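Please open the model in your viewer and keep the sequence alongside, as the tour moves from one selection to the next.

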Amino acid sequence: MTVTAEREQELLQSVPTGLLINGEWRDAASGKTLDVHDPATGKVLLSIQDANSDDALAALDAAAGAQAEWALTAPRERAEILRRAFDMVTARAEDFALLMTLEMGKPLAEARGEVAYGAEFLRWFSEETVRHYGRYFTSPEGKNKMIVTHKPVGPSLLITPWNFPLAMATRKVAPAVAAGCTMVLKPAKLTPLTSLLFAQVMQEAGLPAGVLNVVAGSSASAISGPLMKDSRLRKVSFTGSTPVGVRLMQDAAQNVLRTSMELGGNAPFLVFADADLDAAVEGAMAAKMRNMGEACTAANRFIVHEDVAEEFKAKFAAALAALNPVRGTEPDSTVGPIIDEGARQDIHQLVEDSVAAGGEVVTGGKPKEGEGYFYLPTLLSVGSDNPILSQEIFGPVAPVTTFATEEEAIQLANASQYGLASYIYTRDVNTMFRVSEQIEFGLVGFNAGVISNASAPFGGVKQSGLGREGGAEGIEEYTTVQYIGLADPYAAKK
């Protein structure tokens, strides 16, 4: 059923438009506002408060002021807040899904999937909160007793991207809450509405004032700049492009901040000669077209054995051509728009440059006519030296090249500065083990096109960043380790 305009307006009117600082929704210090647009139409959805440096520092004031008391809060209390938030987000799944579709563009069915995925971080870390153990043991020589504890790292700056508005917020906020850290959340200026609604839910779930502060703004540097220079900030967690991540790490070095960086990706999708091609195409559609290809885990380079390449390309192209790029609120939508016109132009330029270098357009290859920022799902047949293979496309474009040997496949997969996600399709588990051990990626999908899960550690190597989010490892990013050495309690008896 098509979503009505009345339903959209009712939801938008329920979204907070202010800055959340010390438990209160307030106007920006400058009095300026920021327009949020619908990428499917280009029209303004809502205007929100536009934070500047003064607002950012006020948010850090609140976070720093709340840190000591929040750190001493019982783990069970923090866990119950997260569990209530999970229940509340789940209960409002349709609201969150529609809001993401409106501000980011993804089809409503995909947005519902993100709600389930994003909410799971709240449930997972509610369970991890009370199971974050230290250690007590005897020193090897037997002279001391040793205690290792985990303490919250302190006020944290969380910077989220525009492509997964709910999941990227919950993936950072949930472990910070679990560990006992206060936060300043800076959502992307293109998709801040979901974070604002989520922050309201966290308040309703019982999160104390000052623990989570949200400052959305048109200038990321106006918010991050003064915070990174302030010695009260102790951690920054960023998801976004590698160039921005590098600059943030340089800034973080001045105060020796704890950093978590989930940066760019250029995922290889390896299809071996013995692969189930129908399953490989299904996995390719999931790995490439999830979120319109606007994901750091998106398959970017399809590296297919020469014996099956033509059949794979034919089936993959047919599946891409069958997709329907229309506004995500429409019941028959299977592909949403690109986030904005600039991004769409960048994608088309990559396609044109690829064709100029010898690539062949098998299907798609151009923007869709009409309103909004749609781009036709595209398959390119390219040589192994085509320039598009070295780019993070961030759109619905799939370049396919070929290999002859396992060694060549590994070499092509590793021919990238990035090392986040990768995918391997083969019926031979020994091939999977050999290849996965030799390719340089933090994530490997074996005969699976989507592997992200709240219970698994997510992160990359090389220029794709450092640190891990999710899994048992996720909470460690928000803690420091303290060792306490005790004198031998039996010394007096010896």
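**First stop: a pair of helices**

Select H10 and H11, where Leu277, Asp278, Ala280, Val281, Ala284, Met285, Lys288 and Met289 in H10 meet Glu311, Phe312, Lys315, Phe316, Ala319 and Leu320 in H11, contact meaning heavy atoms within 4.5 Å. By class, this contact of H10 with H11 holds 10 nonpolar, no polar and four charged residues, where Ala, Val, Leu, Ile, Met, Phe, Trp, Tyr, Cys and Pro count as nonpolar, Asp, Glu, Lys and Arg as charged, and the others, Gly among them, as polar.

This is a predicted model, in which local features need pLDDT of at least 70 and side-chain atom pairs count only at pLDDT 80 or more, while totals for chains, interfaces and linings use all residues. Residues are numbered from 1 along each chain as its sequence is written, and side-chain values use heavy atoms, with hydrogens and water left out.

The axes of H10 (residues 277-289) and H11 (residues 309-321) come within 10 Å and cross at roughly 50°, the axes being lines fitted to C-alpha atoms over the stretch in contact, with angles running from 0 to 180 degrees between N-to-C directions. H10 is therefore oblique to H11 (under 35 degrees counts as roughly parallel, over 145 as roughly antiparallel, 65 to 115 as roughly perpendicular and the rest as oblique). Helices (H or I, at least four residues) and strands (E, at least two) are DSSP runs, numbered from the N terminus.

**Second stop: another helix pair**

Next select H6 (residues 167-179) and H7 (residues 193-204), whose axes come within 11 Å and cross at roughly 30°, which makes H6 roughly parallel to H7. Ala169, Thr170, Val173 and Val177 of H6 make the contact with Ser195, Phe198 and Met202 of H7, and by class this contact has five nonpolar, two polar and no charged residues.

Now centre on Thr378, which lies in strand E15 (residues 378-381) and counts as buried at 0% relative accessibility (buried is under 20% relative accessible area, exposed over 50%, partly exposed in between, with a 1.4 Å probe and protein chains only). A polar atom of the Thr378 side chain lies 2.7 Å from the backbone nitrogen of Gly365. Beyond its neighbours within four places in sequence, Thr378 contacts residues including Leu320, Thr363 and Pro396.

**Last stop: Asp488**

Finally, select Asp488, in the segment after strand E22 (479-487). Is Asp488 buried or exposed? Asp488 is buried, with a relative accessible area of 15%, and a polar atom of its side chain lies 2.9 Å from the backbone nitrogen of Tyr490. Leaving aside neighbours within four places in sequence, Asp488 is in contact with Gly142, Lys143, Asn144 and Lys494.

Notes: A polar contact is a pair of N or O atoms within 3.5 Å; within protein, one must be able to donate a hydrogen and the other to accept it, and residues adjacent in sequence count only if both atoms are side-chain atoms.
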